[in-house]
Amino acid sequence: MSNKRILWIMSIAQFLAMQVWFNFSAVMPVIEKEWDLTSTQSGVIITFFHIGYVAAIILYSILIDKYNPKYFFVYGALAAGISGLIFAMFAQSFWSILLLRMISGIGIAGVYVPGMRMLTNLFEPNERGSALGVYVGSLVVGSGFSLFISGLLIDIIGWEGVIFVTSSFSLAAAVLMYLLKIPSIKNNTSITLKKDIFKRVFRKENLLINGGYAGHTWELYSMWAWIGPFLVYYFSIHGYSQSQSIQFGNLLGAIVIMIGGVATYIGGKLSDSFGRIKMVNVFLIISITCSLCIGWLLEIPLLVMLFLVVIYGFTIVADSPIYNVAISEVSDPEVIGLALGVQSVLGFSTTIFSPLIFGIVLEWFNWGMAFSVIGIVTITAPICMFCLGRIQKKRNTKSEAT
């Protein structure tokens, strides 16, 4: 089987599994009303999904260079799907949702990073931007598709049906991945966690790339978690009924997230041609500007809001695969899996806090302040990438001189 065919089958499997990521956000306004949850409590539930994700990634990052990462994908998709089905059928309270969402996070952690490790083995460096762009794109489209399903079907099958359907897709992903034959990982040697190993994944360049990635994920996963509820609120204050607001808000939210499926491919492709750092900074500057503005613009006409959120959705995720490619390029081959795991842990650790902080700020202030806080913190990302560019330019100048 060709590498490209493997890439597309893996991407389809990830698309199916990632339905679980935002299926709670897709039904959040309904559950908040039905169970009298506050914005802060919803933020805590989102946070515990990310806690489960980050905790599991720490383990996976140690093991994926030693064991076949394919089976982490399979077992992770199973765990995410089963916990989602239990959520749909048996969840009765804030605490039960919180526990089940944390288990879903643990499961989803087995999908993304192990998948990237397999693809870095299959594709040469000059092809990785495009390849990882496709793979990250499937994550983006899969994540947003749960909002799409909610917008179409929630009036018909209820929030329980939305959670059930999207969680079932994750089980299908596990089966598809189990049946896929993937070449074994090169340099699949046992990594002993000694001081010199950690030095190799915590070099200055690694830290700056990961610092940029952390700023990126801080903004991205907060926006993704709350864009659906934000757009539901936008439609509600523009005279739409509750049912229409939920439907139209989730459908538009789905478009905002799923446009990233194209954005990640284009972003990865452009970084292959014009450079990693340059393209990262272009996308960061635009997305940060959107974060600082969008929450204050609730009164703008629908067509203007549509244009703004599409630009926001495109630029906020277009740089995602670039960080993954960059870390694989500065890391030694035998520690790429560990380096990708460290990157994911450092990056997604911020997502434990950003959706929660967004919810707290929203409860105490307003949408404008909540989005602005997210955007201000994200400014750390282009600063890190600027410093990385200076280091690489200085090193290249010295190399040319010798």
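Two residues are in contact when they have heavy atoms within 4.5 Å of each other. Keep that handy for the exercises on this predicted model, where local features need pLDDT of at least 70, side-chain atom pairs count only at pLDDT 80 or more, and totals for chains, interfaces and linings use all residues. Residues are numbered from 1 along each chain as its sequence is written, and side-chain values use heavy atoms, with hydrogens and water left out.

**Exercise 1. Find the surroundings of Ser170.**

Start with its place: Ser170 is found in helix α6. Helices here are DSSP runs (H or I, at least four residues; strands are E, at least two), numbered from the N terminus. Next, check the cover. Ser170 has a relative accessible area of 0%, so it is buried; the cut-offs are under 20% for buried, over 50% for exposed and partly exposed in between, with a 1.4 Å probe and protein chains only. Finally, list the partners: leaving aside neighbours within four places in sequence, Ser170 is in contact with Leu16, Ala17, Val20, Ala77, Ala80 and Gly81.

**Exercise 2. Describe the whole protein.**

Count the elements first: there are 16 helices and zero strands. Then the burial: 59% of the 402 residues are buried. Then the contacts: of those between residues at least 6 apart in sequence, 86% join residues at least 24 apart.

**Exercise 3. Classify the ring pair Tyr233 and Trp367.**

A pair of aromatic rings is described by the distance of the centres and the angle of the planes. The rule covers Phe, Tyr and Trp (its six-membered ring): centres within 6.5 Å make a pair, with planes under 30 degrees apart stacked, over 60 edge-to-face and the rest tilted. The whole structure holds 25 such pairs. For Tyr233 and Trp367 the centres are 6.1 Å apart and the planes are at 35°, so this pair is tilted. It links distant parts of the chain, as Tyr233 is in α8 (residues 204–237) and Trp367 is in α15 (residues 367–378), 134 residues apart.

**Exercise 4. Explore the largest nonpolar core.**

Such a core is a set of buried Ala, Val, Leu, Ile, Met, Phe, Trp, Tyr and Cys residues joined through side-chain atoms within 4.5 Å. Which of the 129 residues touch the most other members? They are Tyr53, Tyr112 and Trp224. The helix that gives the most to this core is α8, with 16 residues. Zoom in on Tyr112: leaving out residues up to four places away in sequence, its contacts include Met18, Tyr53, Tyr135, Leu139 and Phe348.
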